[in-house]
Amino acid sequence: MSRRLGLAVAFALTASQALAHAHLKTASPADGATVDPPAEIILGFTEELEVKLSSITVKDARGDAVSAAPAEAVSGDRKALKVRLKPVPAGTYSVEWAATSVDTHRVTGQYRFTVRP
Ligand SMILES: [Cu+2]
């Protein structure tokens, strides 16, 4: 490999690693969904997570948290995080998440879903 090509490859690898943050890939309930009262929220990300440095906060329309426990790992899937909920009435809920991937980069986001009566 020429020296110039080697440098280009090294740069490309560095750039792709810098982009390897944990972005939200799947969500249950999904963004904007209307669902029966869910027992838990499960979020899937594009990268493996540091669970202890990641979180999910679920709030009702008044801003009160409805999570029953801190977010925890999903067994067998290092790219997923879940949180159990208290029994929730009909209404709109917000999910705020913070995901720290194993490269220690932190990404945050939020979305809403609706629980039908
Ligand atoms: Cu990253």
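Mentor: Two strands pair if DSSP finds at least two bridges between them. Strands (E, at least two residues) and helices (H or I, at least four) are DSSP runs, numbered from the N terminus. The model is predicted, so local features need pLDDT of at least 70 and side-chain atom pairs count only at pLDDT 80 or more, while totals for chains, interfaces and linings use all residues. Residues are numbered from 1 along each chain as its sequence is written, and side-chain values use heavy atoms, with hydrogens and water left out.

Trainee: Which residue in E6 is the bridge partner of isoleucine 42?

Mentor: E3 and E6 run antiparallel. Five bridges join them. In E6, isoleucine 42 has as its bridge partner lysine 82.

Trainee: What is the strand order of the open sheet?

Mentor: The sheet has four strands, with antiparallel pairing. E1 and E5 each have a single partner strand, so one side of each lacks a neighbour in the sheet. The order is E1-E3-E6-E5.

Trainee: By how many degrees are neighbouring strands of this sheet turned against each other on average?

Mentor: Axes here are lines fitted to C-alpha atoms, for helices over the stretch in contact, and angles run from 0 to 180 degrees between N-to-C directions. For this sheet, direction is ignored.

Trainee: Which residue in E3 is the bridge partner of alanine 27?

Mentor: Look at E1 and E3, which run antiparallel. Four bridges join them. Alanine 27 has as its partner in E3 leucine 43.

Trainee: Which residue in the turn of the E5 and E6 hairpin has a positive phi?

Mentor: E5 and E6 pair in the antiparallel sense over three bridges. Valine 74 stands opposite aspartate 77 in E6. Two residues lie between the two strands of the hairpin. The turn residue with a positive phi, about 85 degrees, is glycine 76.

Trainee: Which residues are the protein donors of the copper ion?

Mentor: Donors are N, O and S atoms within 2.8 Å of the metal (3.2 Å for Na, K and Ca); water is not among the atoms, so sites may look incomplete. The protein donors here lie 1.9 to 2.2 Å from the copper ion. Their sequence spacing is H-x81-D-x1-H. They are His21 (ND1), Asp103 (OD) and His105 (ND1).

Trainee: How many residues apart in sequence are the parts that histidine 21 and histidine 105 tie together?

Mentor: Histidine 21 sits in the loop between helix H1 (3-18) and strand E1 (24-28). Histidine 105 sits in the loop between strand E7 (91-100) and strand E8 (106-115). The pair therefore ties together parts separated in sequence by 84 residues.

Trainee: Is threonine 104 buried or exposed?

Mentor: Buried means under 20% relative accessible area, exposed over 50%, and partly exposed in between (1.4 Å probe, protein chains only). Threonine 104 lies in the loop between E7 and E8. Its phi is positive, about 70 degrees, although it is not a glycine. With a relative accessible area of 58%, threonine 104 is exposed.

Trainee: Is serine 67 buried or exposed?

Mentor: Serine 67 is in the loop between strand E4 (55-59) and strand E5 (72-74). Contact means heavy atoms within 4.5 Å. Beyond neighbours within four places in sequence, serine 67 is in contact with residues including Ile56, Val58, Val83 and Leu85. At 18% relative accessibility, serine 67 counts as buried.

Trainee: Which residues touch the most other members of the largest nonpolar core?

Mentor: A nonpolar core is a set of buried Ala, Val, Leu, Ile, Met, Phe, Trp, Tyr and Cys residues joined through side-chain atoms within 4.5 Å. The largest one has 23 residues. E3, E4, strand E6 (77-84), E7 and E8 each give two or more residues to this core. The members touching the most others are Ile41, Leu43, Phe45, Ile56, Val58, Val95 and Phe113.

Trainee: Which residue is joined to serine 28 by a cis peptide bond?

Mentor: Most peptide bonds are trans. At this cis bond, omega is about -5 degrees. Serine 28 is joined to proline 29.
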